[in-house]
Amino acid sequence: MEKELKVAALKNGTVIDHIPTEKVFKIVSILRLKVYGQLLTIGNNLDSKRMGRKGIIKISNRILSDEETSKIALVAPNASINIIRDYKVVEKRALLLGDEIHDVMHCANPMCITNHQPIPTKFVVINEDGIVRLKCKYCTKEVLQDEINLKKK
Amino acid sequence: MNNSLVSITDYNKEDILSILDAARGFEKKPDRDTLKGKVVATLFYEPSTRTRLSFETAVVRLGGSVIGFSDSGTSSSTKGETLNDTIRMVSCYADAIVIRHPLDGAARYAAEISPIPVVNAGDGSNQHPSQTLLDLYSIRKTQGTLENLKICIVGDLKYGRTVHSLIEAMSYFKPEFKFVSPDELKIPEEYKIFCRKHNIPFTETAELNGSFNDADILYMTRVQKERFQDLMEYERVKNVYTLHNAMIKNTKPNLRILHPLPRVNEISMDVDKNKKAYYFQQAQNGLYVRQAILSKVLKTGDV
C-alpha cells in the first residue's frame, strides 16, 4: 500500500529503475527532464532490496532513444529501463553499450585530437570479465569509469 | 580502407615480415625509380628533423617528389585551418601523406578522412609505427632472428610510445621482457595485461646495473620533456639512468644497444665506441624501412 503511494503507475512511457541515488540527477540532466512538459515522476532514496537505497524516474509518453540509452548505460550500468505501454512492460531494454559508442562523451586525455578540433568522439567498448573499459579510437587511451564526461548537446 | 599505416597494430605478423624483407632489399639497392611521378606530402605540425629527412630521403631515392611543411608555424594551421581541411586540400595534390602531429590521435583521424594513404610519423605520445618497424629491422639484423629474444627496455616506459609499440610488435615472436624504470615512469597496466594475455614473460625493476646481463637487446629511451604535463615530475626523473661503458662488461657477446634517438644523458659518450652500440646504424636502417613502408602504401609491388 505504502509503495503505491510513493510512486504512481505509468500508463505509457519509460521507467528507469535501480538508479544509484547519486546518479538520479545526472540522468535528469542527460535526458533534459528539467524542461520536460509532461507527467514526470522522480523518486530518490527509496528502499530497495537489491541496493539498499535507489532512485527511480518515470517519464510518461516518451520512449528513450538508443543514444540516450547508451548514455545511461555509461553513468548507471546496473540500472534497468522498461518501456511501458498501457500499464504493461512491453520492452526490457538491456543496458548494453554495443561495440562502439559515438560522440556521447569526451575523451579524458587532454592531448587527444578530439578535445582540440571539431571531431566526433569514438570509443571502442572492451568488456572483459564483466569490467567495461572504453578505449578512444583516436588517441587509444582508456577512459576510466569516474572520468566519464558526457557531451552536452 | 585507404592502405594507411597509423599504428603498428594495423599490421599483422605477415605484413611486418614483408616490410622487413623489402627493407633488406632497399638496403642493398636504395636508389630506384619506383615512385617516379608520385608526390608525397610531409605535414610536420611539430619539428622532427630526423624523421622528416628520413622520410623525404626515402621518397627522393625512389624517384618521387616531396611537398609539405616542417613547422606548423609556417603553415595554414596558424590561420586556424582545421586538420580536416588541410588533409582534404593536400589529398588533392599528393599521392600519400606523411604526418607528424603533437596531438594524440591526429594520424588516425587524418587516415579516416583522407582518400589517399596516410603514414603516421608520430602523433603526440601515441604511435610511431615507422620507428617500431626500424627497431624490429635492427633487432633482426643484429640477432639474425626476431624469435625468442630477451629484451631489456630502460627509461620512460610510461609515456614512451616506441616502448609500447615495440611490445605490441614483438608479441608475435615469443620475446621475454625486462622493464627498467623509476616508479614514476613504470609500464602502464594495460601493457602488462597485454603481455599476460599473450603469454609473454616479463619482470620489472628500478635497478639498471646488472639488469641486462642476460639480454640480447638493450633498448634505451630518453625521458621526453615534451610529454610531461607536470614539469616537477620531469625534473625528478630526467637523469635517473645513465649507461656507461663499464656497465656493459659482463653482457652477452651478441648484445646490441638500441635507442630511438635523440639521446640526452642516458647513454654516456664512452659507449659509442663499443661494438655493442648500435643506435647510429639503427637510425640509418630507418631509411630502408621507410622506403619499404612508402612502397607498400603506394603499392609499387616491391612489398
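Two strands pair if DSSP finds at least two bridges between them. Helices (H or I, at least four residues) and strands (E, at least two) are DSSP runs, numbered from the N terminus. Everything below comes from a predicted model, where local features need pLDDT of at least 70, side-chain atom pairs count only at pLDDT 80 or more, and totals for chains, interfaces and linings use all residues. Residues are numbered from 1 along each chain as its sequence is written, chains are lettered from A and ligands numbered from 1 in the order in which they are written, and side-chain values use heavy atoms, with hydrogens and water left out.

**View 1. Strand β1 of chain B and its two parallel partners.** β1(B), residues 39-44, pairs with β2(B), residues 65-69, in the parallel sense over five bridges. One spot to look at is B:Val40, whose bridge partner in β2(B) is B:Val66. To get from β1(B) to β2(B), the chain goes through helix α2 of chain B (residues 49-61), and this β-α-β crossover is right-handed (with the strands pointing away from the viewer, the path from the first strand over the helix to the second runs clockwise). β1(B) also runs parallel to β3(B), residues 96-101, with five bridges joining the two. Here B:Ala41 stands opposite B:Ile97. Five of the six residues of β1(B) are buried, where buried means under 20% relative accessible area, exposed over 50%, and partly exposed in between (1.4 Å probe, protein chains only).

**View 2. Helix α4 of chain B and what covers it.** α4(B) spans residues 106-113 and is mostly covered, with six of its eight residues buried. Those six are B:Ala106, B:Ala107, B:Tyr109, B:Ala110, B:Ala111 and B:Ile113. The cover over them includes α3 (83-90), β3 and β4 (118-123) of chain B.

**View 3. B:Pro30, in a loop of chain B.** This proline is placed in the loop between α1 (13-28) and β1 of chain B. Neighbours within four places in sequence aside, B:Pro30 is in contact (heavy atoms within 4.5 Å) with B:Arg61, B:Leu62, B:Tyr288 and B:Gln291. For a sense of scale, the C-alpha atoms of B:Pro30 and B:Leu218 are separated by 28 Å, and the two residues are 188 residues apart along the chain.

View 4. Chain A has three helices and nine strands, which follow the pattern α-β-α-β-β-α-β-β-β-β-β-β along the sequence. Its C-alpha atoms fill a box of roughly 55 × 35 × 25 Å, taken along the principal axes. Of its 153 residues, 46% count as buried. Take the contacts in chain A between residues at least 6 apart in sequence: 60% of them join residues at least 24 apart. Zooming in, A:Asp17 is found in β1(A), residues 13-19. Is A:Asp17 buried or exposed? A:Asp17 is buried, with a relative accessible area of 14%. Leaving out neighbours within four places in sequence, A:Asp17 touches A:Lys54, A:Gly55, A:Ile56, A:Ala79 and A:Ser80.

**View 5. An open, antiparallel sheet in chain A.** Four strands of chain A line up in the order β6-β7-β8-β9, with antiparallel pairing. β6 (100-102) and β9 of chain A stand at the edges with a single partner strand each, so one side of each is left without a neighbour in the sheet. Two bridges join β8(A) to β9(A), and A:Lys135 has A:Glu142 in β9(A) as its bridge partner.

View 6. On a 1 Å grid over the protein atoms alone, a pocket is an open set of points with protein on both sides within 12 Å along at least five of seven lines, while a cavity is a set of points where a 1.4 Å probe fits but cannot get out; lining residues have an atom within 4 Å of a point. Grid points are joined across faces, edges and corners, and a volume is the space filled by probe spheres set on the points. The largest pocket has a volume of about 1200 Å³. Of the 46 residues that line this pocket, the closest to its centre are A:Lys141, A:Glu142, A:Val143, A:Glu147 and B:Glu190. At least two lining residues each come from α3 (66-75), β7 (122-128), β8 (131-136) and β9 (142-143) of chain A and from α7 (189-197) of chain B.

**View 7. The largest cavity, in chain B.** The count comes to one cavity of 30 Å³ or more, and the largest cavity holds about 50 Å³ of space. Its lining is B:Val154, B:Gly155, B:Met220, B:Thr221, B:Val223, B:Lys238, B:Val240, B:Tyr241 and B:Glu266.
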